[in-house]
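Hi,

Here is the model I promised to pass on. Have a look at it first, and then read on for what turned up in it.

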Amino acid sequence: MQLRVLLADDHRIFRQGLKALLEREGCAVVGEAADGQEAVRLAQHLRPDLAILDLAMPLLNGLDAAQAIRQAS
């Protein structure tokens, strides 16, 4: 079974690089977010196994996004 991953980082190039590395290792990147609020929305909808969050994102930082995702799960 593939690990389903959500990536959240405000730097698109970083997300693309991390996505390529994860997919090469057999993970399925099911969603990408550019800010914390989008990450929370996607996590609630997609239900990933793992969320990789940047700590310094616009609108909602990674720590607050992680807390919101955990409460919703």
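This is a predicted model: local features need pLDDT of at least 70, side-chain atom pairs count only at pLDDT 80 or more; totals for chains, interfaces and linings use all residues.

Before anything else, a word on burial: a residue is called buried when its relative accessible area is under 20%, exposed when it is over 50%, and partly exposed in between (1.4 Å probe, protein chains only).

Residues are numbered from 1 along each chain as its sequence is written, and side-chain values use heavy atoms, with hydrogens and water left out.

**The overall picture**

The chain has three helices and three strands, and from the N terminus on they run β-α-β-α-β-α. Its C-alpha trace spans about 30 × 25 × 15 Å along the principal axes. The radius of gyration (taken over C-alpha atoms; the globule rule is 2.2 Å times the number of residues to the power 0.38) is 11 Å, which agrees with the value near 11 Å for a compact globule of 73 residues. Buried residues make up 32% of those 73 residues. Counting contacts (heavy atoms within 4.5 Å) with a separation of 6 or more, 62% are between residues 24 or more positions apart.

**The sheet**

The three strands form an open sheet in the order β2-β1-β3, with parallel pairing; two strands pair if DSSP finds at least two bridges between them. β2 and β3 are the edge strands, each pairing on one side only. Neighbouring strands are turned by 20° against each other on average, direction ignored. For such angles, axes are lines fitted to C-alpha atoms, for helices over the stretch in contact, and angles run from 0 to 180 degrees between N-to-C directions. Between β1 and β2 there are five bridges, and L7 stands opposite E32 in β2. Helix α1 packs on this sheet, touching β1, β2 and β3, and its direction makes about 170° with that of β2.

**R15 and E32**

R15 counts as buried because its relative accessibility is 11%. Leaving aside neighbours within four places in sequence, R15 is in contact with L7, D9, D10, E32, A33 and A34.

E32, in strand β2, is partly exposed, with a relative accessible area of 27%. The E32 side chain also makes a polar contact with the side chain of K19, at 3.4 Å. With neighbours within four places again left out, the contacts of E32 are L6, L7, R15, K19, E38 and L42.

**Helix α2**

In α2 (residues 36–46), G36, A39, V40 and A43 are buried. They sit on the same side of α2, because they cover an arc of only 100° around the axis; the arc is that of the directions from the helix axis to the C-beta atoms. R41 and H45, on the other side of α2, are exposed. The cover over the buried residues includes β1 (4–8), β2 (28–33), β3 (50–53) and α3 (62–72).

D35 caps the N-terminal end of α2, with a side-chain oxygen 3.0 Å from the backbone nitrogen of Q37. Just after α2, R47 takes a positive phi of about 50°.

Setting aside neighbours within four places in sequence, A65 is in contact with G36, V40, L53 and L60. The C-alpha atoms of A65 and L55, ten residues apart along the chain, are separated by 9.0 Å.

Key
Helices (H or I, at least four residues) and strands (E, at least two) are DSSP runs, numbered from the N terminus. A polar contact is a pair of N or O atoms within 3.5 Å; within protein, one must be able to donate a hydrogen and the other to accept it, and residues adjacent in sequence count only if both atoms are side-chain atoms.
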